[in-house]
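Subject: Structure handover

Hello,

Here is the structure for your files. My notes follow below it.

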Amino acid sequence: MLEIEGLSAGYGQVRILHEVSVRIDAGEIVAILGSNGAGKTTLFRALFGFADVTAGSLRFGELDLRGTPAFEIAKAGLVHVPEGRGLFPGMTVLENLMVPVQADRGRLQDRRDMVFEIFPRLKDRLGQAAGTMSGGEQQMLAIGRGLMAQPRMLLLDEPSTGLAPKLVDEVFERLALIHEREPGMGILVVEQSVADTIAICSRGYVMERGCVVLDGTSAELQNASALEEAFLGTTGHR
């Protein structure tokens, strides 16, 4: 379980987040929605110590995230797939997948098989340099690499960025499949793509100017007037 309580954070003297509280339990898919500048990415950066936290608590299970090195957080099972994918473009698909691996050989093979079942195109491109793949394939590789780390909770930052609508649909279909295959793993998706995200999530939060301004079930978040107000009239994009 990831619990964020009263989080205020930013960079130096610039405060971005204001008393943000978010909770996600094991096995849930939860969305954090908001337009550009809402503070969504800063929220993720604060979890891993890459933003200055001035108030609030950050806990992942029994682990206090404040002051814990990012690599220890990842070892505990909180795994981040960053916006922009963060791949090593000159390395092959296989080499990128192997970066976070800590499993023994038997479990490693099982993990790879699971990733290839969810993203079969990766299996066909094992020797291809990641930088030569399409944007959609790179996003699938980034998610697949996150899965290789055997996460207890997977954090996805803007997985639709730079993708054509058809590819966005495919990526979100794969996220739903991951949830089906890994029912005990939590998934937290930070996104601007409202319809696609709500379709796979059980509940979510809406952020505006560094604050949570709305939260509820997926059905409640489909209330167009509430979303329109929270997005300051930007709800018209996907």
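**Strands, sheet and helices**

Start at one pair: Arg-59 has Asp-64 in S5 as its bridge partner. This is a predicted model, where local features need pLDDT of at least 70, side-chain atom pairs count only at pLDDT 80 or more, and totals for chains, interfaces and linings use all residues. Residues are numbered from 1 along each chain as its sequence is written, and side-chain values use heavy atoms, with hydrogens and water left out. Helices (H or I, at least four residues) and strands (E, at least two) are DSSP runs, numbered from the N terminus.

S5 pairs with strand S4 (residues 52-60) in the antiparallel sense, over 2 bridges. Pairing requires at least two DSSP bridges between two strands. The open sheet has 4 strands, in the order S2-S1-S4-S5, with antiparallel pairing. S2 (14-24) and S5 (63-64) are the edge strands; each has a single partner, so one side of each lacks a neighbour in the sheet. Helix H1 (residues 40-47) packs on this sheet and touches S1 (2-11), S2 and S4. The direction of H1 makes about 105 degrees with that of S1. Angles run from 0 to 180 degrees between N-to-C directions; axes are lines fitted to C-alpha atoms, for helices over the stretch in contact.

Next, strand S3 (residues 29-33). It is mostly covered, with 5 of its 5 residues buried. Buried means under 20% relative accessible area, exposed over 50%, partly exposed in between (1.4 Å probe, protein chains only). Ile-29, Ala-31 and Leu-33 point one way, Val-30 and Ile-32 the other. S3 runs parallel to strand S8 (residues 186-191), joined by 5 bridges. Ile-29 is opposite Ile-187 of S8. S3 also runs parallel to strand S9 (residues 203-208), through 4 bridges. Leu-33 has Val-206 of S9 as its bridge partner.

Now the helix pair. H6 (residues 135-148) packs on H7 at about 20 degrees, with axes 10 Å apart. That makes the two roughly parallel (angles under 35 degrees count as such; over 145 is roughly antiparallel, 65 to 115 roughly perpendicular, the rest oblique). Contact (heavy atoms within 4.5 Å) involves residues including Met-140 and Ile-143 of H6 and Val-171 and Leu-175 of H7.

Buried residues of H7 include Val-168, Glu-170 and Phe-172.

Best wishes
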